[in-house]
Every structure is written in structure tokens, then in C-alpha cells.
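Here is a friendly walk through one protein model, written for someone who likes cut-offs spelled out. Please have a look at the structure first.

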Amino acid sequence: MAFVADRLPGRLLQMKTLDVITIGRSSVDLYGAQVGGRLEDMGSFQKYVGGSPANMATGTARLGLKSALITRVGDEHMGRFLREELAREGVDVRGVKTDPERLTALVLLGIRDDKRFPLIFYRENCADMALCEDDIEEAFIAKARAVVATGTHLSHSRTEAAVLKALHLARKHGAQTALDIDYRPNLWGLAGHGDGESRYIESAAVTGRLQSTLHLFDLIVGTEEEFHIAGGTTDTIAALRAVRAITPAVLVCKRGPMGASAFTGAIPDTLDQGEAGPGFPVEVFNVLGAGDGFMSGLIKGWLDGEPWPVALTYANACGAFAVSRHGCTPAYPSLQELQFFLARGVKVPALRKDAVLEQMHWSTNRTRDWPDLRVFAFDHRMQLEVMDGATPERIGAFKLLCLEAALQVSAGKGGHGILCDSRLGRQALYAAAGTGLWIARPVEWPGSRPLTPEPEIGPDCGGLSEWPLDHVVKVLCFYHPGDTAEMKAGQEAVVTRLFHAARRNRLELLLEIIPSRVGPVTDSTSAEVIQRFYDIGVYPDWWKLEPFATDAAWTNACAAITRNDPCTRGVVVLGLDAPESALAASLALAARHDLVKGFAVGRTIFADAARAWLGGQITDAVAVTMMAERYQRLCAIWDGARGQRGMTA
């Protein structure tokens with residue numbers, strides 16, 4: 001395929017720092033968590049990014065494109081959620097304007113069965129419908145290789161003017177343009193609030209509005225019903241020919257389970273005569289957002305210059321992921337996941353039940369990277385409870401001082417974190433929210449063997465449903481290859497239950513193993529334990545390992561992890577109350593291995609301060625200073641070890 005941008009002078013091509021800008025509506029999708037009931041009966045909801053342009057910006061970013069979004073959001077919590085979540089997904093949000101007067105749009109959605117998906121749009125005078133020409137900046141549009149619009153924002157004169165300005169600027173600066181017709185009668189004022197599912201109502205006014213803009217696009221995409229509204233007839237071939245009479249754009253007609261057909265020239269007598277890519281026989285679970293997933297894959301192939309059958313294969317695959325999973329944006333694949341799926345094919349028609357695919361989906365779509373992680377661990381409970389002067393209230397107050405020390409050292413920089421419990425350290429956890437720290441919380445009863453969860457977690461791990469999504473589930477398991485079969489089975493069952501509960505609640509899991517506290521260890525002991533947990537289907541996002549005495553032990557452990565999960569977050573080294581000098585040697589050894597991201601150390605940092613503060617011997621300020629200095633020294637030791645590794649690599 002030829003692209004206008006590809007024919008631009010080299011100087012202009014260098015200005016194209018964005019692959020695609022999508023423009024139009026954005027919303028917060030509140031998806032009913034219960035499946036198979038009426039929307040009236042939903043008891044809880046999952047919160048996701050929503051709105052076709054926002055979905056497509058996310059979907060294309062996951063596929064490796066440099067995407068951006070132009071929209072408006074409210075100056076409130078939901079607007080900030082959209083901005084932050086889009087940024088975490090890698091979407092450029094410079095074009096996301098904050099409306100000081102209007103609220104961010106909301107959509108309530110549910111999965112009634114495989115054919116009914118009730119939804120209610122809360123879009124009365126919403127922020128994105130206030131998008132105007134002043135929001136469209138020429139310098140920003142000039143950076144893009146393509147601009148993609150959706151039909152909803154052609155439904156109102158103000159938003160239409162904004163879209164038309166963006167399209168004209170795109171063409172001026174040599175960018176491609178695309179339209180996802182995205183016809184929702186409800187959003188054109190043709191259906192009532194309770195008819196959000198409606199996909200087609202005939203309207204000469206809508207047809208006329210659409211046809212007045214079709215000549216501005218190089219690519220137009222829609223379902224058969226959407227081409228009916230664009231072409232002004234319910235005869236699909238006649239509708240496509242009516243659109244063709246207005247524009248030479250490539251027309252892509254989506255045909256549901258039959259895939260899609262692309263038409264680059266005259267419209268033939270049947271849809272089967274268009275260019276096509278293979279479809280995928282998957283179970284339909286949720287059609288909402290499938291079109292945006294399809295469009296994301298299509299844009300990827302289109303902008304990569306792939307032949308239409310290849311671009312449509314990408315599109316069909318991304319649509320298959322969408323119909324197989326809960327939510328819209330959460331369902332879209334990463335590029336690695338898409339490539340794996342296309343190479344391997346469908347193994348389980350209900351893709352959300354394909355364990356291999358779901359593990360890849362989870363591990364390749366996690367947001368925020370942690371190349372280095374320096375964790376101040378003060379999740380200790382029984383170690384503090386036995387100190388003189390300790391009460392639950394005093395320990396809780398001390399943990400607030402620990403947090404203060406952590407924040408003093410991190411100073412807003414990335415790569416720092418805390419481990420804090422919620423039984424004694426609840427106030428510190430509350431205070432840590434929004435600080436930028438990596439946060440993990442223990443779930444095990446201190447020192448328990450066999451492993452027993454804290455009471456607040458519950459026997460079914462239901463307590464995890466109350467956790468913020470950025471908290472990491474940390475579980476310590478004293479496990480040894482020489483344990484009895486009964487001990488192994490009991491502990492494995494608890495870890496497995498916690499793993500699945502964490503995934504169900506969209507939480508990362510850190511698994512800490514300390515076999516040396518149970519029996520003698522060799523250079524292969526921890527690697528054996530690691531392999532066993534993978535064998536039973538537990539894939540931790542993080543591992544927390546004791547400081548090994550030999551490089552061989554680190555090599556074996558890291559090899560066991562990467563062999564089973566090449567997308568793991570990595571490893572942090574625990575401290576075991578070691579003196580700082582001994583810990584420095586351990587960190588230097590661990591830092592030789594790329595998989596080791598840092599440390600999670602506690603008593604080496606806080607023990608002396610805790611004893612003195614709980615005993616009334618030092619002030620708050622002195623305690624904070626003591627801990628901050630020790631934490632800072634450990635950070636410097638780790639950074640030095642990492643730097644030394646880089647010099648010797």
C-alpha cells in the first residue's frame with residue numbers, strides 16, 4: 001500500500017513523531033462484574049477506559065504504535081483516571097483537554113448473554129462533546145502519520161467543526177485519514193436512554209451529515225449496518241457503491257463472524273469478492289468494544305504498509321480477543337500476544353480460558369516498568385510486637401515514620417517502594433496512596449508454617465477485593481523440597497488460591513520463598529522450589545529471594561524463572577536482618593544478574609530506630625533521620641553494584 005506520508009520529503013518525515021491520533025469521545029466504562037443477569041441486577045462494576053477513540057488509542061499503543069488522543073475530560077476524579085490510565089498505556093495525552101465545567105462521560109455496561117449487552121450512556125453535556133476547534137493544534141496534528149475520527153463527533157456542529165479542522169490539517173501535513181463510522185443511534189438523538197444497544201435506525205439527516213465528510217478520508221470502516229447509514233440504503237452493496245461515488249477511500253466492511261472485506265476500487269457484486277483475511281473461530285462472550293479492537297489491529301497493519309489481507313488478519317485477531325474477554329480496552333492484545341496467537345492459532349475457543357494465552361496477556365500488558373526497585377520493607381508484625389513499649393497504636397505510628405523516611409529518600413524519583421501490612425500499618429498504607437511508590441502488602445500470618453493467610457484475607461481470599469489495584473500481593477512461604485507431601489500439598493494449595501484470587505482482582509503477586517529456614521540448602525534448592533510453583537500453575541509477577549552465597553545459586557534461580565516466564569517483573573533480594581556490610585556483599589553478587597531488580601530490606605533499616613523510638617529514647621524526627629540515612633545508603637550500595645555490573649558486562 002502507498003502512503004501519502006511515505007512520499008513526503010525527508011525533512012517532513014522526521015517531524016512525524018506520532019503514528020496515529022484518534023479524536024472524539026472518551027468515557028469511563030463501568031462494566032457489570034456479574035455475567036448472565038440484567039443490568040438492573042448488577043451488584044458491582046469494573047472501571048475501564050472507554051469511548052471508541054480512547055479504546056483505539058490504547059489498542060494501537062499496545063500494538064507498538066505511537067498513539068495519541070484528542071478529547072476532553074472533566075476536572076474531576078474520572079477525568080484524571082482517564083488521563084493517568086491512558087498515559088500508563090503509553091498513549092500521548094497532550095491532546096486530552098480538561099474541561100472546567102463539564103463532567104467526564106460515563107457508560108454502564110453489562111453482559112446479559114451472548115447476544116444481549118445492555119448499556120446506558122451518561123453523556124448529557126459531557127466533557128468530550130464540548131471539544132471545539134480551539135482544541136485542535138496544528139503543530140500537534142502535523143506530528144502524526146494518520147488521524148482517525150469516529151462518527152459520533154460528527155453528530156454535533158461544535159464537535160464536527162473540531163473534527164473537520166483536524167482532518168483538513170492532517171491532509172495539509174501529508175497524513176492519512178480514517179473514519180470508523182461507529183454509528184450509535186442513541187448518540188445521534190434517535191433512540192432513548194435505555195436503547196444503548198441499538199445499532200441501526202434509518203435517518204436521512206444522519207446519512208446526509210456523514211456523506212458531507214466522506215471525501216475527507218483515505219480509509220472508511222464500518223459494519224454492514226454502518227455502511228447502510230452512510231450509503232442511505234439497507235442494501236449493503238448499493239450502500240457501498242453510494243459511498244464509493246463520494247470517495248476513493250479504501251472501504252472495509254466488517255461482517256461479524258465472517259470476518260471483513262476490503263474494497264480498494266469499484267465495488268463488486270458480492271462482499272465475498274473483496275480482499276479478506278482469515279477469521280478466528282472463538283466463543284463470543286462480549287461484543288462490546290470488538291469494533292475498536294478490530295480497528296486497532298487494522299490501523300497497525302495499515303500504517304505498517306501491510307497488504308490488506310494481512311491488515312485484516314490483525315484486525316480479525318484483535319476483534320477475536322475483544323469478543324472473548326470482559327471489558328473493552330482490557331481485552332486488547334499486546335503485539336507479542338498477537339504475534340504468538342497468529343503463530344499458534346486457537347487452542348481453546350473461549351480465549352479467556354486459555355491459560356497460556358491469558359498468562360501472556362497479563363504479563364505483556366502490565367503498565368509501568370520497574371527496571372530498578374529499592375524497597376523499604378516495614379511489613380513486619382511479630383518482630384515489632386515483641387519490642388519494649390510496643391502496642392498496636394504505637395507500631396502504627398512508627399510505620400508512618402517509616403513511610404516518611406521512604407518518601408524522604410525517594411523524593412519523587414522512580415524505583416522506590418515500600419512493603420507495609422494493613423493490620424498494624426493501615427494508616428501508612430492510606431498515606432502512601434498516590435505518592436508514586438511501589439507498594440506491596442503481606443497476606444500471610446507472620447511466621448506461619450504451613451502457610452496461613454491473615455484473617456482479613458479470608459479463607460477464600462475474598463479480602464483482596466478491597467485492595468487498591470496498584471497494591472502488590474506479597475506472600476511468604478517457608479517451603480523446602482524436603483518437606484513432607486502433606487506439608488507441600490497444603491502450602492501449594494494456599495499459594496495457588498492466592499495466585500488466582502490476585503489475578504481475579506487484577507493485582508500483581510510477589511512470592512517470597514525462604515527454604516533455608518526449613519532445611520539445608522544447596523545452589524539448586526531455590527531453583528527447585530521456583531520450578532515447583534511454576535509446575536502447579538503459579539506465575540508470580542515478582543519473586544523475593546534470600547541473599548544467596550554463590551553466583552551459581554543466582555544463576556540457577558534466574559534460569560528457572562526465565563525458562564518458565566520470560567515476561568516476569570523480576571526478583572528483589574530480602575535482607576534477613578543482615579548487617580549492612582554483609583548485605584552489601586550480597587547485593588553486589590545479586591546485581592550481576594539482569595533479572596534481579598533490587599532489594600526489599602527491613603530490619604537492617606528500621607530495627608535500631610524502632611527499639612529506640614518505641615522505648616521513648618528518640619524523637620520522631622531522629623527516628624526518621626536514622627532510617628532515611630540507612631535506606632539511602634542501601635540505595636547507594638545497590639546503585640553502585642548495578643553500575644559496576646554495567647562496567648563489567
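## Helix 12 and its cover

Among the elements covering the buried residues of helix 12 are helix 2 (52-62), helix 10 (308-323), helix 11 (335-344) and helix 16 (485-504). Helices here are DSSP runs of H or I with at least four residues, strands are E runs of at least two, and both are numbered from the N terminus. This is a predicted model, in which local features need pLDDT of at least 70 and side-chain atom pairs count only at pLDDT 80 or more, while totals for chains, interfaces and linings use all residues. Residues are numbered from 1 along each chain as its sequence is written, and side-chain values use heavy atoms, with hydrogens and water left out.

Helix 12 spans residues 355-364, and its buried residues are Leu 357, Gln 359, Met 360, His 361, Trp 362 and Ser 363. Buried means under 20% relative accessible area (1.4 Å probe, protein chains only). At the start of helix 12, the backbone nitrogen of Val 356 has a side-chain oxygen of Asp 354 within 3.2 Å.

## Helix 2

Helix 2 is largely enclosed by the rest of the structure, because 11 of its 11 residues are buried. Among them are Pro 53, Asn 55, Met 56 and Arg 62. Just after helix 2 comes Gly 64, with a positive phi of about 95 degrees.

## The cavity

There is one cavity of 30 Å³ or more, and the largest cavity holds about 120 Å³ of space. A cavity is a set of points on a 1 Å grid over the protein atoms alone where a 1.4 Å probe fits but cannot get out, and lining residues have an atom within 4 Å of a point. Its volume is the space filled by probe spheres set on the points, which are joined across faces, edges and corners.

Of the 15 lining residues, Arg 25, Asp 29, Leu 109, Arg 184 and Cys 328 are the closest to the centre of the largest cavity. Two or more lining residues come from each of strand 2 (27-35), helix 2, strand 6 (105-111) and strand 7 (119-122).

## Nonpolar cores

The largest nonpolar core has 81 residues, of which Phe 376, Phe 533, Trp 543, Trp 554 and Met 627 touch the most other members. Such a core is a set of buried Ala, Val, Leu, Ile, Met, Phe, Trp, Tyr and Cys residues joined through side-chain atoms within 4.5 Å. Helix 21 (residues 620-648) gives the largest share of this core, nine residues. Apart from it lies another core of 42 residues, including Leu 18 and Phe 140.

Definitions and conventions. Buried < 20%, exposed > 50% of the residue type's maximum accessible area, 1.4 Å probe, protein only. Contact = heavy atoms within 4.5 Å. Polar contact = N/O pair within 3.5 Å; in protein donor to acceptor, adjacent residues only side chain to side chain. 1 Å grid on protein atoms, 1.4 Å probe; cavity = no way out; pocket = protein on both sides within 12 Å on 5 of 7 lines; lining within 4 Å.
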